[in-house]
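Work through these exercises with the structure open beside you. Try each task before you read its solution.

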Amino acid sequence: MSAEARAALTERLVYRNESDKLDLLDENLTQTFLIAFLIDIADAADAVGCKVLLTAVRSDHPTVDGPHGHNGGFAADGWLLNSAKDGDYVSGDGSDERFAKWLAGMDASPYRRQIGLGGEAHNDKNLAAITVQLDRDPITGFLDSSVDHVHMGSTIA
Ligand SMILES: [Zn+2]
């Protein structure tokens with residue numbers, strides 16, 4: 001993924017922390033597969049007229065999750081927004097169709113490896129929008145921590 005492609009992607013996303021943007025711009029911190037996945041995720045948000053908020057990528061992810069997760073630059077956490085303003089959340093509790101459509105769009109990406117539904121996002125409607133293979137390694141859809149967020153993990157090869 002070129003530096004130009006990374007820069008173009010970063011302009012499409014909303015950030016809670018500046019470090020998340022810097023992580024995406026640095027090819028030593030985030031993987032090409034994650035960039036490709038996030039482009040598809042941003043496209044899926046565009047398709048429902050929304051924006052993607054990132055709340056953690058690598059530098060500010062609070063836990064050690066191994067070389068194929070945030071720590072290896074293969075994952076990001078976030079949410080769907082009505083606008084480019086952090087806090088202008090789209091409801092993820094199943095009451096807003098756009099959220100499940102966004103999840104279905106990211107699920108269709110060839111770069112999708114894991115989608116974790118945390119807190120409010122963990123409900124039957126959202127689970128129905130994504131591929132859930134809990135018997136697989138890696139599992140492809142799962143309940144994340146109780147904090148409201150969506151974990152987006154890219155393919156690793
Ligand atoms: Zn995560």
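This is a predicted model: local features need pLDDT of at least 70, side-chain atom pairs count only at pLDDT 80 or more; totals for chains, interfaces and linings use all residues.

## Exercise 1: Parallel or antiparallel?

**Task.** State in which sense E4 pairs with E6, and in which sense with strand E5 (residues 141-143).

**Solution.** 
1. Recall the rule. Strands of a sheet pair through backbone hydrogen bonds, either parallel or antiparallel.
2. Take E4 and E6. They pair in the antiparallel sense, over six bridges.
3. Take E4 and E5. They pair in the parallel sense, over three bridges.
4. Check with one residue. Glycine 116 stands opposite histidine 151 in E6. Glycine 116 also stands opposite phenylalanine 142 in E5.
5. Look at burial. Six of the seven residues of E4 are buried, and the strand is mostly covered.
6. E2 and E3 are antiparallel, with five bridges. Leucine 54 has glycine 78 in E3 as its bridge partner.

## Exercise 2: Find the centre of the core

**Task.** In the largest nonpolar core, find which residues touch the most other members.

**Solution.** 
1. The core has 37 residues; Ile41 and Val52 touch the most other members.
2. List the elements that give two or more residues to this core. They are helix H3 (32-47), strand E2 (51-56), strand E3 (75-81), helix H4 (97-107), strand E4 (112-118) and strand E6 (149-154).
3. H3 gives the most, with eight residues.
4. Follow valine 52. Leaving out residues up to four places away in sequence, valine 52 touches Leu13, Val14, Ile41, Ala42, Ala45, Gly78 and Leu80.
5. Return to H3. Its buried residues are Leu34, Ile35, Phe37, Leu38, Ile41, Ala42, Ala44 and Ala45.

## Exercise 3: Check the length of H3

**Task.** Compare the reach of H3 with the span expected at 1.5 Å a residue.

**Solution.** 
1. H3 has 16 residues, and 22 Å is expected.
2. From its first C-alpha to its last, H3 reaches 23 Å, close to that value.
3. See what comes next. Glycine 49 follows H3, and its phi is positive, near 70°.

## Exercise 4: Buried or exposed?

**Task.** Decide whether alanine 3 is buried or exposed.

**Solution.** 
1. Locate the residue. Alanine 3 lies in helix H1 (residues 3-10).
2. Count its neighbours. It has 10 other C-beta atoms within 10 Å.
3. Apply the cut-off. A residue with 12 or fewer is exposed, so alanine 3 is exposed.
4. Look across the model. Alanine 3 and aspartate 144 are 141 residues apart in sequence and 31 Å apart in space, C-alpha to C-alpha.

## Exercise 5: Judge the overall size

**Task.** What radius of gyration would a compact globule with 157 residues have, and what does the protein have?

**Solution.** 
1. The globule would be near 15 Å.
2. The protein has 14 Å, which agrees.
3. The C-alpha atoms fill roughly 35 × 35 × 25 Å along the principal axes.
4. Buried residues make up 39% of the 157 residues.

Methods. Residues are numbered from 1 along each chain as its sequence is written. A nonpolar core is a set of buried Ala, Val, Leu, Ile, Met, Phe, Trp, Tyr and Cys residues joined through C-beta atoms within 7 Å. A residue is buried if 20 or more other C-beta atoms lie within 10 Å of its own, exposed if 12 or fewer, and partly exposed in between; C-beta atoms are placed from the backbone. Helices (H or I, at least four residues) and strands (E, at least two) are DSSP runs, numbered from the N terminus. Two residues are in contact if their C-beta atoms, placed from the backbone, lie within 7 Å. Two strands pair if DSSP finds at least two bridges between them. The radius of gyration is taken over C-alpha atoms; the globule rule is 2.2 Å times the number of residues to the power 0.38. The expected span of a helix is 1.5 Å times one less than its number of residues.
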